[in-house]
Amino acid sequence: MNIIYIEDQAREYQLTQEICEIFPNAQKVYIKHYKNLFDKQIPYKHKKSLLLAKQTWNVLLPVPESYWYWSTSYFLRTALNCLFDCEYCYLKWAFRTDIPAIFVNTDEMQTRVRQEIEENWHDDIWLYPSNWTDLLASEFMTHFHRDWIPFFETLQNIQVESRTKAISIDPLISMNAPKKTEMAYSLNPQEIIDMYESWTPSLQKRIKAINILLKSWWKVWLRIMPLIPIWWWLNIYESFFNQLIDAIDIEDCSSIFFWWFLLTNSDFKKMKKKNPASDLRPMLKSNEWWLLRVDSNERKEMYSLITQYFPKAKISFDEL
Ligand code: SF4
């Protein structure tokens, strides 16, 4: 890490001190407000910097209905941007910069979450903290799982899904398997990982991490996403499905879920602007309502392959 930008109001928090100790040689630059930097259009690749800030606005955001989640759900915002670099990731065009930002006022955020959940809501609630980042990848800095999982255990009526591609599971297996938090592993064939998931661990390493977590009684979800129609995708995915079935006891996993590669028209335009050379966009040949999707005949072929191998799996937009 070359530079740590620290918001003035974030200086005194314990997490700020902990993160600065991890990078003793990084230059510290104090700034008035993190948005003065985060919302600036600065050169894209900027991963050698870090922003530490105080979360003063909504820590919970309702998941839009169009996201097709099943119950009352909220995104939990404790960090923005990701240490990994997946070409299809909407973070690439969601923000003006790719500098990772970490909100350090954990206790205050937890107080607000507790108040909102206990005072206002009575339904079963799902919390998704990984919408803007992979929190296990940055656990060594954010300590998200260390600091938040025990907190989630104290709340009624919630379940939490931490979605990840990371394999740094030591902090997880050193704690008792929680009841309220599940680790959801994003998986794809190694061919897709090589092409589109830069800096992420290999499929083999993710499978190994999943098996260790399962043996340690963690709840693990499998997320096969996004399904990307590269050349020979049926063959590649079939061999990948066999690899999963051989390596993981699928019945031990809480669920398996498939998600098509798709983009909204607006995200499609933003992706084109940010990465004009990407070969992903031409794969979306079908324009249906507000979504660009894989051609419906190709989807039908994949759908039939998935249901043959994983009859109990959930598949996004499975009306095809
Ligand atoms: S790991 Fe997830 S959040 Fe991170 S770049 Fe890849 S898709 Fe985006």
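These legends walk through several close-up views of a predicted model. Local features are described where pLDDT is at least 70, side-chain atom pairs count only at pLDDT 80 or more, and totals for chains, interfaces and linings use all residues. Residue numbers start from 1 along each chain as its sequence is written.

**View 1. The shell around the ligand.** Cys82, Phe84, Asp85, Cys86, Cys89, Leu91, Thr133, Asp134 and Lys165 are the residues around the ligand; to be near it, a residue needs its C-beta atom, placed from the backbone, within 6 Å. By type, the shell splits into five nonpolar, one polar and three charged residues. Here Ala, Val, Leu, Ile, Met, Phe, Trp, Tyr, Cys and Pro count as nonpolar, Asp, Glu, Lys and Arg as charged, and the others, Gly among them, as polar.

**View 2. An open sheet of five strands.** The strands come in the order β2-β1-β3-β8-β6, and their pairing is mixed. β2 (27-31) and β6 sit at the edges with a single partner strand each, so one side of each has no neighbour in the sheet. Two strands pair if DSSP finds at least two bridges between them, and strands are DSSP runs (E, at least two residues), just as helices are (H or I, at least four), numbered from the N terminus. Inside this sheet, β1 (residues 3-7) and β3 (residues 49-53) run parallel and are joined by four bridges. Look for Ile4, whose bridge partner in β3 is Leu50.

**View 3. Strand β10 and its partners.** β10 covers residues 158-164, and six of its seven residues are buried. That label takes 20 or more other C-beta atoms within 10 Å of a residue's own; 12 or fewer makes a residue exposed, and anything in between partly exposed, with C-beta atoms placed from the backbone. β9 (residues 125-128) runs parallel to β10, with three bridges joining the two, and Trp126 stands opposite Gln159 of β10. β11 (residues 181-187) also pairs with β10 in the parallel sense, over five bridges. Arg163 has Ala184 in β11 as its bridge partner. Ala184 counts as buried, with 21 C-beta neighbours inside 10 Å. Ser255 is 71 residues from Ala184 in sequence, yet their C-alpha atoms are 9.1 Å apart in space.

**View 4. Helices α10 and α12 side by side.** Two packed helices are described by the angle between their axes and the distance between the axes. For α10 (residues 233-247) and α12 (residues 296-309), the angle is about 15° and the axes are 11 Å apart. The axes are lines fitted to C-alpha atoms over the stretch in contact, and angles run from 0 to 180 degrees between N-to-C directions. The pair is therefore roughly parallel; that label goes to angles under 35 degrees, with over 145 roughly antiparallel, 65 to 115 roughly perpendicular and the rest oblique.

View 5. The peptide bond from Met225 to Pro226 is cis, with omega near -15°, and Pro226 belongs to strand β13 (residues 220-227). Asn81 isn't a glycine, but has a positive phi of about 75°. Find Asn81 in the loop between β6 (79-80) and β7 (85-86), where this residue is buried, with 24 other C-beta atoms within 10 Å. His143, also not a glycine, has a positive phi near 50°. The loop that holds His143 lies between α5 (139-142) and α6 (144-153), and with 18 C-beta neighbours inside 10 Å, His143 counts as partly exposed.
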